[in-house]
Amino acid sequence: MRASFDSPGKKLRTWRAGRSDMRLHLLTVFSLAVAFVCLAASLLVVTNLAALRDRWSRAGRATVYLRDGTTDAEANEVLRALESTPLVKKVRLVTSLEARREVLADESDKALAALPPSAFPASLEVGFNDEVTHDMLDTTALKLRALPCVESVETYQKWTERLSSLLGGGVTASACLAIIVLAAVVSVIGSTLRLLLHRRRPEVEVLKLVGATDAFVRRPFVVEATAQGAGGAGLALAMLGVLFAIVRGRFDQELVTLLGVPPSFLPWPVIVGMIALGAALGAATAIVSLRRMVLV
């Protein structure tokens with residue numbers, strides 16, 4: 001009997017069965033990764049939106065646009081008044097020529113380059129301390145707008161409100177994607193378990209005949225489903241990390257200049273949480289699915 005069990009034909013069939021199961025496991029992990037990468041990408045967007053919103057909410061900046069015809073004496077008077085204001089850290093006067101030079105750094109836009117310096121209003125760039133609040137900014141802006149030489153004041157709070165709105169939409173989208181990922185995990189792992197159970201039916205029957213309990217028979221399937229869920233989430237994070245590194249390597253400086261903050265990847269608690277979520281979903285799906293399946 002032992003010679004028959006260790007025969008080359010038996011070993012070949014065992015090797016083929018194991019290779020077939022491995023292909024099925026890899027296909028399952030890849031299918032789960034496709035679902036998880038959508039959730040991870042949405043969380044990445046939410047993470048960077050939150051960082052951008054926090055950066056702009058703590059920026060403490062304001063731009064005071066001066067009216068045409070404002071004299072240097074009037075501009076300097078407003079500048080000195082701002083410098084003596086509490087919580088103001090620095091004030092910079094930007095003349096029309098300097099504003100034109102900053103906008104047309106490379107002179108590539110001929111339409112803008114043809115505009116006269118008067119088309120670029122002079123302004124005062126005001127930087128506040130970190131202790132400044134939104135109410136203080138609003139009060140200061142209201143006082144500045146009352147000055148005869150001031151055209152308008154931009155405090156950038158509208159950008160913070162828009163970013164907050166976008167952040168709320170991103171959180172909602174992430175929640176919807178989490179539900180879709182849950183459905184995908186249940187469907188993919190449930191189908192995989194049914195196929196594996198059909199292939200291993202003879203082994204399960206032998207185990208039941210020699211007295212194996214249902215929990216003992218289910219345990220390998222639960223472990224495999226847990227590994228598939230964690231593997232799918234890990235693969236999704238790895239793929240997203242590679243794409244993030246490529247984009248950041250090519251456009252990092254441009255993004256920092258445009259947004260004011262460097263783009264960041266998902267924090268470690270979120271990464272660990274996603275892998276744990278994949279493992280938990282896989283285990284829960286296996287436990288629920290196997291209870292409905294007939295093992296013998």
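Helices (H or I, at least four residues) and strands (E, at least two) are DSSP runs, numbered from the N terminus. This is a predicted model: local features need pLDDT of at least 70, side-chain atom pairs count only at pLDDT 80 or more, and totals for chains, interfaces and linings use all residues. Residues are numbered from 1 along each chain as its sequence is written, and side-chain values use heavy atoms, without hydrogens or water.

**Stop 1: the nonpolar patch.** Select Val206, Leu207, Leu209, Val210 and Phe216. Together they make a nonpolar surface patch of about 520 Å² (nonpolar side chains joined within 5 Å, each residue with over 30% relative accessible area and no salt bridge). Areas come from the Shrake-Rupley method with a 1.4 Å probe. Helix α8 (residues 201-209) gives the most to the patch, with 3 residues. Now pick Leu209, in helix α8. Leu209 is exposed, at 75% relative accessibility (buried is under 20%, exposed over 50%, partly exposed in between).

**Stop 2: the aromatic pair.** Rings of Phe, Tyr and Trp (its six-membered ring) pair if their centres lie within 6.5 Å; planes under 30 degrees apart are stacked, over 60 edge-to-face, the rest tilted. The count here is 1 aromatic pair. Select Phe244 and Phe265: the pair is tilted, 5.4 Å centre to centre, with 50° between the planes. Phe244 lies in helix α9 (residues 214-259) and Phe265 in the loop between α9 and α10 (268-292), so the pair ties together parts 21 residues apart in sequence. Phe244 is buried, at 15%. Phe265 is partly exposed, at 23%.

**Stop 3: Leu49.** Go to helix α2 (residues 8-57), where Leu49 is found. Leu49 is buried, at 16% relative accessibility. Leu49 and Leu167 are 118 residues apart in sequence, but 6.0 Å apart in space, C-alpha to C-alpha.

Key
Patch = residues over 30% accessible without salt bridge, like charges linked within 9 Å, V, L, I, M, F, W, Y side chains within 5 Å. Salt bridge = Lys/Arg side-chain N within 4 Å of Asp/Glu carboxyl O. Buried < 20%, exposed > 50% of the residue type's maximum accessible area, 1.4 Å probe, protein only.
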